[in-house]
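Open the model in your viewer and keep the sequence panel beside it. This tour tells you what to select and what you will find there.

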Amino acid sequence: MVIYRYLSIESLPEQTRSLTMKFLIIQLLNSFLFSLSSTFYILNAIDKIGFTQAAIITSVMLLIQLMCDFPSGSLGDYIGQKWVMTLAYTCYGVAFFLLSIAGTFPIFILIAIFNGLGNAQSSGTIEAWFDSNYKRTSKNEDIDRKVYGIAKDRVALATNISLAVSFMIGGILATVFSRQLVFFLQFSLTTFLIVYTSKILADTDPKGKISEEEKPSYFQYLKGGVKFMLLSKTTFLFIIGLAIYQVTWLIWGSLILFPLYFGYTGSDFGTSIIRTIIFLLEIPARLYVAKWSIRFKNDQFPIFLFLHLSIFFPAYLILFSLLPPQNRFNLIGFIATIVIMNISNSFVIRIAYILRDRITIDLVPSEVRNSVYSLIPTLISVFGIPLLVIAGQLVENSGLIAGVAFAFGICITGSSILFISLKLRPVVKMAENTQFSSSETVIGG
């Protein structure tokens, strides 16, 4: 089967191949639906309420996610991922409807609340479902997780194509009709996604196979995620480092990326065009990057992070200094943005993310996987709420270049902590008890 060869999963058991196909379908659907308006989502808020208030509503969203994320992850471990994703899509549907009529700061606050609830329910849920079932069904066929790493990256590449198509469709609809029409279309499509995705998740969800007598309580799942993070210096620093590193891209995506695109194109359609070109140009490189990743060890993960940040941020600092974005089409800025994005993101960072995934699938016990995967976004919110407000004020008062420099510093901090965590390299063992089985792995590949 061609798709099996593309995912490099021919050697895996049939159940694992089927699982990977379902994961691919879910990710394609998610990426298409939620990317229709992603190009102009933050621009819509900035246009109507300004940079500072846009940063505030993003912080409100993060605060709601902070309060609900980890409990929602534990809920996914307890009742199964399909129910949690149903709640997530319902919250997103309400947010999309409100976006279609939003024009004032209070309405945007409501949108932030529902998006925060949706993010809390969905963060790490699909990934936890896939990783746990992959470990369960692949058995001894992929012990070193190299096939897993390739398949995961190929799924991500396929979603990039879906993203590119979605960017174009969303950009055209927003330009020809309105942004509000796109938001309402997303609201309409969430109903289909609820029904279809719930059916797929139900097929391999192992929660229903556990009797009520054997099943740990919700509190035990909740406690298990925190207990895992505090298990050793490695697990603590690894999770903290991941969270701080991801705050970088929260700031980048919320306040810098789309004003950057708009600054060198001058329109929603131009922003969609540049995003589509960037994603499409990644495809040839990404077809080979996953295969190259098998040459590298897991503890080289932070090295690739440092290599990426040493290219990405200095390049944009230089570009913004020489050619500030002025919200009109600029050919040099247009081309430079495409070149920087593809050099830094098509190769180096992809290998880093593959190594990260290979670490986490075996580091985190399946019994508390959803809890741990949701704990990381919770910590991102803890760090991100104050830092995002600071970044918003910096951008509004000093321009995009100040925001880039600020994000650069945060990225260096997170990458350094990850480097330290993997240099410790202890054997990580989950404490044995009556509720969670032991899990043992060596960090560093």
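Start in helix H8 (residues 179-204): Phe184 and Phe187 are 3 residues apart there, so about one helical turn separates them. Helices here are DSSP runs of H or I with at least four residues, strands are E runs of at least two, and both are numbered from the N terminus. An α-helix has 3.6 residues a turn, so residues three or four places apart point the same way.

A word on the source. This is a predicted model, where local features need pLDDT of at least 70, side-chain atom pairs count only at pLDDT 80 or more, and totals for chains, interfaces and linings use all residues. Residues are numbered from 1 along each chain as its sequence is written, and side-chain values use heavy atoms, leaving out hydrogens and water.

**Ring pairs.** Rings of Phe, Tyr and Trp (its six-membered ring) pair if their centres lie within 6.5 Å; planes under 30 degrees apart are stacked, over 60 edge-to-face, and the rest tilted. The count is 28 aromatic pairs. Phe184 and Phe187 make a tilted one, 5.5 Å centre to centre with 55° between the planes. Buried means under 20% relative accessible area, exposed over 50%, partly exposed in between (1.4 Å probe, protein chains only). Phe184 is partly exposed at 40%, and Phe187 is partly exposed at 29%.

Now select Phe296 and Phe304. They pair edge-to-face, at 4.9 Å and 75°. Phe296 is partly exposed at 25%, whereas Phe304 is buried at 11%.

**A bent helix.** Select H10 (residues 233-265). Its 33 residues reach 46 Å from first C-alpha to last, close to the 48 Å expected (1.5 Å times one less than the number of residues). Where does H10 bend? Look at Gly253, where the bend is about 50°; this is the angle between axes fitted to the seven residues ending there and the seven starting there. Of the 33 residues in H10, 27 are buried. Step just past H10 to Gly266, which has a positive phi of about 85°.

**A loop serine.** Finish at Ser37, in the loop between helix H2 (14-35) and helix H3 (38-79). Is Ser37 buried or exposed? Ser37 is buried, at 2%. Beyond its neighbours within four places in sequence, Ser37 is in contact (heavy atoms within 4.5 Å) with Phe96, Val182, Phe183 and Gln186.
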